[in-house]
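I opened the notebook today to record, entry by entry, what I looked up in this structure and what I found there.

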Amino acid sequence: MGGWFRKEISRSDDLKGLKMRIGGFAGTIVAKLGLVPQQLAAGDIYPALEKGTLDACEWVGPYDDEKLGFYKVAKYYYYPGWWEGCGQAHNIINLAKWNELPKNYQSAILTASGDAWEWVLGRYDYNNPAALNGCCRKACNCARSAGCHGSVL
């Protein structure tokens with residue numbers, strides 16, 4: 001996900017100078033947009049947002065973010081988190097180019113995509129089978145209640 005922000009972001013200039021908890025290479029990427037990356041541990045993010053020493057944060061996703069209570073102190077939640085590569089729920093491939101691929105390449109892509117999605121589902125379902133469904137439902141409800149209309153950074 002793109003993260004939790006204390007103020008509404010409606011254009012790229014709104015990002016300039018904001019202090020955002022974001023880790024590693026992603027911090028390098030968003031710094032080019034004018035954000036000031038901050039490295040904080042999970043337990044330090046909420047107090048920093050609450051006090052205003054952080055303007056925004058990016059952590060894991062709706063389920064984990066909700067456990068840390070970010071929605072209580074940062075009203076705006078944006079997506080996607082385009083700066084981090086991860087397993088995807090879908091792939092978009094030009095059909096003509098797909099058809100040109102050797103069958104073993106097609107098979108490798110299908111297998112890797114399925115494995116990645118299985119890992120994502122397993123992360124939420126292993127300890128709590130209802131977590132993924134609840135996470136998605138809460139994220140949608142949260143976005144709707146905040147007046148989100150597909151907000152994208």
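**Entry 1, the whole chain.** I noted before anything else that this is a predicted model. I then went through the secondary structure and found six helices and five strands, which follow one another from the N terminus as β-β-α-β-α-β-α-β-α-α-α. Of the 153 residues in the chain, 29% are buried. I looked up the accessible surface as well, which comes to about 9600 Å², with 55% of it belonging to carbon and sulfur atoms. For the contacts between residues at least 6 apart in sequence, I found that 62% join residues at least 24 apart.

**Entry 2, the sheet.** In what order do the strands of the sheet stand? I read the order as β3-β2-β4-β1-β5, in an open sheet of five strands with mixed pairing. The edges are taken by β3 (36-38) and β5 (76-78), and each has a single partner strand, so one side of each is left without a neighbour in the sheet. I reminded myself that strands of a sheet pair through backbone hydrogen bonds, either parallel or antiparallel. Looking at one pair in detail, I found β2 (residues 19-21) and β3 running parallel and joined by three bridges, with Arg21 standing opposite Gln38 of β3.

I asked which residues of helix α2 (residues 42-51) are buried, and the list I wrote down holds Ile45, Ala48 and Leu49. These three cover an arc of only 100° around the axis, which puts them on the same side of α2. The general rule I had in mind is that an α-helix has 3.6 residues a turn, so residues three or four places apart point the same way. The buried residues of α2 pack against β2 and β4 (56-57), whereas the face turned away from the buried side carries Gly43 and Lys51, both exposed. After α2 comes Gly52, and I noted its positive phi, near 90°.

I next turned to Lys19, which has its place in strand β2.

I found Leu68 in helix α3 (residues 62-68), and its relative accessible area of 30% makes Leu68 partly exposed. Beyond its neighbours within four places in sequence, Leu68 is in contact with Ala42, Tyr46 and Trp59. From Leu68 to Ile45 I noted 8.5 Å, C-alpha to C-alpha, across 23 residues of sequence.

**Entry 6, salt bridges.** How many salt bridges does a search of the whole structure find? The search gives six. One of them joins the side chains of Arg11 and Asp14 at 3.9 Å, N to O, and Asp14 counts as buried, at 13% relative accessibility. In another, the closest N and O atoms of Lys16 and Asp13 are 2.8 Å apart, and Asp13 is partly exposed, with a relative accessible area of 41%. I recorded that Arg11, Asp13, Asp14 and Lys16 are linked in a network of salt bridges. Elsewhere, the side chains of Glu100 and Lys97 meet in a salt bridge at 3.9 Å, N to O, and both of these residues are exposed. Glu100 and Lys97 are separated by about one helical turn, because they are three residues apart in helix α4 (residues 95-100).

Which residues make up the largest nonpolar core? I counted twelve in all, namely Phe5, Ile9, Leu15, Leu18, Met20, Ile22, Ala26, Val30, Leu35, Ala56, Tyr78 and Trp83. Apart from this core lies another, of ten residues, including Leu54, Val73, Ala74 and Tyr77.

Technical notes. Residues are numbered from 1 along each chain as its sequence is written. This is a predicted model: local features need pLDDT of at least 70, side-chain atom pairs count only at pLDDT 80 or more; totals for chains, interfaces and linings use all residues. Side-chain values use heavy atoms; hydrogens and water are left out. Two strands pair if DSSP finds at least two bridges between them. Helices (H or I, at least four residues) and strands (E, at least two) are DSSP runs, numbered from the N terminus. Buried means under 20% relative accessible area, exposed over 50%, partly exposed in between (1.4 Å probe, protein chains only). The arc is that of the directions from the helix axis to the C-beta atoms. Contact means heavy atoms within 4.5 Å. A salt bridge is a side-chain nitrogen of Lys or Arg within 4 Å of a carboxyl oxygen of Asp or Glu. Accessible areas come from the Shrake-Rupley method with a 1.4 Å probe; for residues, only the protein chains shown count as cover. A nonpolar core is a set of buried Ala, Val, Leu, Ile, Met, Phe, Trp, Tyr and Cys residues joined through side-chain atoms within 4.5 Å.
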